[in-house]
Number of protein chains: 2
Amino acid sequence: MPVTTIEWCTDHIRMIDQTRLPDDLVHLEIKDLEVLGEAITSLRVRGAPAIGIAGAFGILLGTRMFTGDDHARFFALLEKTAQYLNGTRPTAVNLSWATRRMLLAANRHRSEPVRKIQELLEEEALRIWEEDREICRRLGRHGAELLRDGATVLTHCNTGALATADYGTALGVVFSAHEQGKKVSVYADETRPLLQGARLNTWELMNEGIEVTLICDNTAAFVMQQKRIDCVILGADRIAANGDTANKIGTYSVAVIAEKHGVPFYVAAPFSTIDFSLSNGSQIPIEERAAEEVTEGFGRRTAAPGTKVYSPAFDVTPADLITAIITEEGVVQPPFDLNLKTARPASSE
Amino acid sequence: MPVTTIEWCTDHIRMIDQTRLPDDLVHLEIKDLEVLGEAITSLRVRGAPAIGIAGAFGILLGTRMFTGDDHARFFALLEKTAQYLNGTRPTAVNLSWATRRMLLAANRHRSEPVRKIQELLEEEALRIWEEDREICRRLGRHGAELLRDGATVLTHCNTGALATADYGTALGVVFSAHEQGKKVSVYADETRPLLQGARLNTWELMNEGIEVTLICDNTAAFVMQQKRIDCVILGADRIAANGDTANKIGTYSVAVIAEKHGVPFYVAAPFSTIDFSLSNGSQIPIEERAAEEVTEGFGRRTAAPGTKVYSPAFDVTPADLITAIITEEGVVQPPFDLNLKTARPASSE
């Protein structure tokens, strides 16, 4: 059973500090909004669905100490909390998706006393968490149908339990196939600079008894040239209405080499990751990360002092390189601009 | 003026310990063949031309203490020394190229007293070193003609002064264009697992006042998508007669993404790197490196304990992805099977 990454415990968030893995499995108990903000920015919690959940729980942290029944002040605090949380990671749409959903829930009950709205917000946040668990399992089952017994999957970045409430998107597909009794093995890109593939995928897969081989990012093309890979499955931080997909830096590189080798390239993501307000990927903002993550990421300086670094956190893969998008509603085939709209569940609108 | 990487000092090798860069510029003084063997295996000296020179100097280390005039015993020692050195890095052809050239020189003077042969071997090794300096400068000048003023070059692994006697192959092209007064800038792939691009290229280029931006290997595709790159120039560890090129792992990946973006992909290498005995790249042996270089390369463990790793040191780029091969005899265009033979200097046969 995959690990529980993040959960709400009456008055605080309990979550795994993913920067400490795989050396130490440490849980953080977070009661304060700014502590959560730091945890999101520094990737103690990461993965688009998981930070969506963190955003929903963050709304609770930011508003739960409010007392009295001044609706104007309460809603102002709610807005401010949402804005603060949305700014902690600009690329992932799940954060703003979750905070917007919390605001909508509050607005629907605007006539209730503030105390009641606070209770309803807690219910909504727990619903988001519970839905993620259920959505990931549905997504996993749909995706598993794409995997034959004996398949070898290439992954990039972590999209397992640690990226969600407790199951995973792209890795959830692998878990699901494994649960169905299929033998599935994984090549995991280490995923520089922060090595989520090396640190997190190897740990999650070995915990489940699934065979995993770690490779450097630059080795994926060679491994495909050797015909070791049946398909690529990876996650998304934001998908535009036409299917263009922002995901961890290096995703676009994997897409290009998969195309060259005729290897199917699947994106696995819940509908909460799809931003129908953007017609294509050129409008997705791309975060840049600090140079030190590249030049001294792991306890040792690895470049000359003063080295200029370009470290975008994400890249955008054009829809035409994507074979299909695996969602909780099924496997969506191209053309994505049409088929994503058709498959979209009413609840995500 | 680029640094002197390796040189012969009367009775020993003086060379930079490249594993200590960029933190410390430490010179090793090596008098013993086994110490040299360890230095080659653990990449204290690396880069195809530089380890060719190390091989030639290694022959001196292995045979210089021989006394007496027993030709049979001397030539047996010479053979044994060459075999030992050839085995320290199986992929790079320059090692066996250099040791074979030393053996041929000894054989040409077989009738001389052993003492005289020892002197002639020292002359031959110094000639190999001096020729490398001259060859790299010629290669650099030929390659520089491909670079317009203002060009931006993507590099993978280190192919500068540190990979040769003192100037470089692919980076020698950049140095040469810079010396001609052209403004050239470089994006350097960090080159996992041993980070030669991050540690060595940034250091060499900044020493020369050439603008360099470090990127993770997985970012090269995104940088090309953004049209930041005019051409790729990188080195080779062994080139087959048809142009198929073994080079640092990740080279093939760069070749595929360069093709996708219409970016010219140049290999820069002296004729000593071309193995005319191999008709194509499938016959080139590929070294595998230790798992720990991937899982604990940065001074900290970065994958779950017991993680299985696949870490080939090299990959093979098919000739059809290579725009041209820059050599000391000029820029060789496809078809390489024909044109490499034509351009081949008599001295390299």
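Predicted model: local features only at pLDDT ≥ 70, side-chain atom pairs only at ≥ 80, totals over all residues.
Two strands count as paired if DSSP finds at least two bridges between them, and strands themselves are DSSP runs (E, at least two residues), just as helices are runs of H or I with at least four residues, both numbered from the N terminus. With that in hand, look at where strand E12 (residues 308-309) of chain A meets E6(B): the two pair in the parallel sense over two bridges. Within this pairing, A:Val309 stands opposite B:Leu214 in E6(B).

Residues are numbered from 1 along each chain as its sequence is written, chains are lettered from A and ligands numbered from 1 in the order in which they are written, and side-chain values use heavy atoms, with hydrogens and water left out.

Now widen the view to the whole meeting of the two chains. Contact (heavy atoms within 4.5 Å) takes in 61 residues from chain B and 60 residues from chain A. The buried area, meaning the accessible area (1.4 Å probe) that two parts lose on being put together, summed over both, is about 4,800 Å² here, and carbon and sulfur atoms give 59% of that. On the chain B side, B:Asn218, B:Phe298 and B:Tyr310 lose the most area to chain A, together 16% of what that side buries.

Charges meet here too. A salt bridge puts a side-chain nitrogen of Lys or Arg within 4 Å of a carboxyl oxygen of Asp or Glu, and there are six between chain B and chain A. One such bridge joins the side chains of B:Arg192 and A:Glu190 (2.5 Å, N to O). Several elements of chain B give two or more residues to this side, including helix H7 (196-207) and strand E6 (211-215). H9(B) gives the most, with seven residues.

Finally, step inside chain A. Two salt bridges are counted between the domains. Look, too, for the salt bridge in which the side chains of A:Asp166 and A:Arg133 meet (2.8 Å, N to O).
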